[in-house]
Amino acid sequence: FHFNMFITRTFGILSLIIMRTRSLFTDIHLDATAFGSLCFLPLIPVVPFLPVISTDFYPRDTPTSYLKEINNPLNSREQNSPRKPVLICFGDSLTHGSVSANWVDRVAARHTATMTVLNAGVNSETSRAARFRLEDIIAVQPDMVTILLGTNDLIGSLDDEAATMYQNKLWWAHRNKRPTLDLYEKELRYIVQELDRCLAPSSKIALLSPPPLGEGGFGGVAWEKGATLAATCEGLCKTCSSDRLHYIPLFEK
């Protein structure tokens with residue numbers, strides 16, 4: 001049981017309570033700020049420790065950390081040893097792994113002797129936000145890249161509050177577009193084409209369809225839109241001129 005997971009989920013649950021009971025605040029004449037303050041009082045004792053434990057919120061092996069290591073002139077071990085093949089897992093919280101199962105760490109543990117696995121996942125990120133993080137990925141020049149994006153695009157297309165939250169995470173100049181399925185296709189195509197253009201010809205790119213969202217099952221709105229995202233990913237792989245782009249049907253599985 002990881003303490004950082006407890007803190008993350010506690011803050012998430014409290015935020016959800018505040019957001020979903022907004023109408024109640026008006027009825028009982030209690031504003032959201034006051035209610036939120038009361039909710040967070042039990043967490044005051046752990047606040048001094050947050051700077052220490054917050055480092056566990058982020059993957060240790062990322063494209064940025066990898067570039068710092070290999071470019072460090074004092075790191076003679078890296079400079080004198082042969083470069084292992086590099087896999088970069090690019091995506092949102094499903095890749096980041098701090099609030100969900102960390103499949104990237106499992107892959108890294110399984111191939112630690114033969115491959116360097118880097119985690120390029122960021123929580124609460126849409127495809128529009130992800131497109132602005134390609135610089136470090138391209139600078140690494142990985143041998144393989146997996147792309148798993150779309151869950152937050154889908155959530156933002158279904159919920160107004162979520163859409164606003166995702167837009168506010170972008171720089172102000174890029175907040176003018178709400179998450180939609182059409183925008184997802186456009187941004188995903190840009191990401192794939194940019195990686196195809198800038199990575200070495202021998203590298204491979206795997207595009208994963210986002211898994212089903214929620215528990216509504218077949219026939220629900222979220223399920224139908226999720227199927228549309230999957231079709232978008234598959235169609236992009238079929239129409240791409242590069243033969244190094246491969247489709248992994250996660251949604252269909």
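Are H13 and H14 roughly parallel or roughly antiparallel to each other? I noted that they are roughly parallel, since angles under 35 degrees count as roughly parallel, over 145 as roughly antiparallel, 65 to 115 as roughly perpendicular and the rest as oblique.

Ground rules first. I am working with a predicted model, in which local features need pLDDT of at least 70, side-chain atom pairs count only at pLDDT 80 or more, and totals for chains, interfaces and linings use all residues. Residues are numbered from 1 along each chain as its sequence is written, and side-chain values use heavy atoms, with hydrogens and water left out.

Entry 1, the chain. I found 14 helices and 5 strands; these are DSSP runs numbered from the N terminus, helices being H or I with at least four residues and strands E with at least two. Of 253 residues, 38% count as buried, where buried means under 20% relative accessible area, exposed over 50% and partly exposed in between (1.4 Å probe, protein chains only). Among contacts with a separation of 6 or more, 75% come from residues 24 or more positions apart; contact means heavy atoms within 4.5 Å.

I went back to helix H13 (residues 181-198) and helix H14 (residues 221-239), which pack at an angle of about 30° with their axes 11 Å apart. Axes are lines fitted to C-alpha atoms, for helices over the stretch in contact, and angles run from 0 to 180 degrees between N-to-C directions. The H13 side of the contact includes Leu181, Tyr184 and Leu188, and the H14 side includes Leu229, Cys233 and Leu236. By class I have 7 nonpolar, 3 polar and 3 charged residues in the contact of H13 with H14. Ala, Val, Leu, Ile, Met, Phe, Trp, Tyr, Cys and Pro count as nonpolar, Asp, Glu, Lys and Arg as charged, and the others, Gly among them, as polar.

The axes of helix H11 (residues 151-158) and helix H12 (residues 160-168) come within 5 Å and cross at roughly 130°. That makes H11 oblique to H12. Their crossing is left-handed. Asn152, Ile155, Gly156 and Leu158 of H11 meet Asp160, Ala162, Ala163 and Tyr166 of H12. The class count for H11 with H12 is 5 nonpolar, 2 polar and 1 charged.

I also checked Thr151, which lies in H11. Thr151 is buried, at a relative accessible area of 14%. Leaving aside neighbours within four places in sequence, Thr151 is in contact with Asp92, Leu94, Pro210, Pro211 and Leu213.

Which residues of helix H5 (residues 63-70) are buried? I listed Pro63, Tyr66 and Leu67. They cover an arc of only 100° around the axis, so they lie on the same side of H5; the arc is that of the directions from the helix axis to the C-beta atoms. The buried residues of H5 pack against strand E1 (86-91), strand E2 (116-121) and helix H10 (134-140).

I placed Lys204 in strand E4 (residues 204-208). Lys204 is partly exposed, with a relative accessible area of 39%. Met144 is 60 residues away along the chain, yet its C-alpha is 4.7 Å from that of Lys204.

Notes:
Left-handed = near helix turned anticlockwise from the far one by under 90°.
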